[in-house]
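Here are a few exercises to work through with the model open beside you. Try each task before you read its solution.

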Protein chains: 2
Amino acid sequence: MRAAQATIGALSEGTGVNIETIRYYERIGLLPAPPRSAGRHRLYGDTHRQRLIFIRRARELGFSLEEVRALLGLGGGHDLTCGEIRALTQHHIAAIREKVRDLKRLERILSELAGQCKADKVPDCPILDALNAATWRTAQR
Amino acid sequence: MRAAQATIGALSEGTGVNIETIRYYERIGLLPAPPRSAGRHRLYGDTHRQRLIFIRRARELGFSLEEVRALLGLGGGHDLTCGEIRALTQHHIAAIREKVRDLKRLERILSELAGQCKADKVPDCPILDALNAATWRTAQR
DNA sequence: GCTACAATCTGTAGCGACTACAGATGCAAG
DNA sequence: CTTGCATCTGTAGTCGCTACAGATTGTAGC
């Protein structure tokens with residue numbers, strides 16, 4: 001383990017998290033405030049780096065910042081049990097599946113509309129027509 | 001055609017667009033300001049209703065408000081050609097496909113992690129373990 | 001030591017697309 | 001006329017950052 005003391009720039013470089021975002025995470029209490037240099041510059045150690053990487057990975061998996069907060073055990077005293085984390089995850093999976101369904105339906109509709117465009121030869125645009133007439137109608141939300 | 005003059009509440013009811021959202025669309029110039037009653041209440045006609053439904057449908061298809069503005073021909077004088085609209089649409093389709101791919105990858109990873117949870121019997125949580133160790137790593141963005 | 005110049009600091013405002021108030025009016029039924 | 005809902009304007013909040021401005025600090029070359 002090298003670099004026990006990293007500046008915010010080095011941490012950003014090393015984790016792939018934007019500098020502004022790191023400060024933002026500190027402000028909202030996700031990342032603990034690190035010690036400072038004589039001139040008030042932040043100096044991060046390995047625990048901070050690991051925590052930040054954890055946050056980034058959880059974000060990549062689609063957890064919201066509030067959920068990350070819960071996963072980190074910052075939510076009012078007690079850590080989540082494994083069962084609670086599993087429930088949270090499965091809730092996510094369901095949401096993702098629904099979103100995939102929605103997007104696929106959208107893609108199909110848009111593809112059909114685009115397919116009706118005969119390369120600038122038609123007088124009026126079938127896509128605008130569809131937006132005005134809407135025989136397709138997406139499901140109610 | 002009934003109800004040549006609808007209040008904002010009736011319009012909202014009839015189109016499925018929130019009252020606040022209707023006022024918001026007016027404020028940003030997507031929906032023209034309607035005439036008012038003696039007491040400054042908005043009174044909408046059929047053209048407004050049709051326009052609002054057009055906006056809602058375009059939004060349902062994933063067009064941004066700026067794109068809707070373009071589709072409506074509000075973007076600085078000239079309307080979009082059919083070819084431009086088609087290009088816009090196909091750009092969307094590509095973006096949607098990419099999002100679907102990302103979400104499916106996410107779903108697969110989360111499902112695998114959730115599957116490793118053996119219903120509260122294991123000592124430590126495999127999901128948290130994964131967030132800390134991250135052998136899976138999602139692709140760089 | 002001095003001078004550049006880069007990095008970091010704090011604080012605030014902006015993004016998209018709404019949503020949620022507060023506090024003041026208007027309107028329609030009984 | 002009163003009651004109570006609808007609507008009005010204006011502003012602030014949401015989420016997860018991102019982008020400044022303007023002031024300091026850290027560092028490398030001379």
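A residue is near a molecule or strand if its C-beta atom, placed from the backbone, lies within 6 Å of it. The model is a predicted one: local features need pLDDT of at least 70, side-chain atom pairs count only at pLDDT 80 or more, and totals for chains, interfaces and linings use all residues. Residues are numbered from 1 along each chain as its sequence is written, while chains are lettered from A and ligands numbered from 1 in the order in which they are written.

**Exercise 1.** Find which residues come nearest to DNA strand D.

*Solution.* 
- Step 1: Start with the 21 residues around DNA strand D; Gly39(A), Ser64(A), Thr7(B), Gly9(B) and Arg42(B) come nearest.
- Step 2: Sort the residues of this surface by type, and you get five nonpolar, nine polar and seven charged. Here Ala, Val, Leu, Ile, Met, Phe, Trp, Tyr, Cys and Pro count as nonpolar, Asp, Glu, Lys and Arg as charged, and the others, Gly among them, as polar.
- Step 3: Now turn to DNA strand C, with 22 residues around it, of which Thr7(A), Gly9(A), Arg42(A), Gly39(B) and Ser64(B) come nearest.

**Exercise 2.** Describe how helix α1 of chain B packs against helix α3 of chain B.

*Solution.* 
- Step 1: Locate the helices, α1 at residues 8–15 and α3 at residues 46–60 of chain B. Helices are DSSP runs (H or I, at least four residues), numbered from the N terminus.
- Step 2: Their axes are 11 Å apart, and the angle is about 45 degrees. Axes are lines fitted to C-alpha atoms, for helices over the stretch in contact, and angles run from 0 to 180 degrees between N-to-C directions.
- Step 3: That angle makes α1(B) oblique to α3(B). Angles under 35 degrees count as roughly parallel, over 145 as roughly antiparallel, 65 to 115 as roughly perpendicular and the rest as oblique.
- Step 4: Leu11(B), Gly14(B) and Thr15(B) in α1(B) meet Arg49(B), Leu52(B), Ile53(B) and Arg56(B) in α3(B). Two residues are in contact if their C-beta atoms, placed from the backbone, lie within 7 Å.

**Exercise 3.** Work out how chain A and chain B are related.

*Solution.* 
- Step 1: Copies are superposed by least squares on the C-alpha atoms of residues with pLDDT of at least 70 in both.
- Step 2: Val100(A) comes closest to the rotation axis of the residues of chain A, at 2.8 Å (C-alpha).

Conventions. Helices (H or I, at least four residues) and strands (E, at least two) are DSSP runs, numbered from the N terminus.
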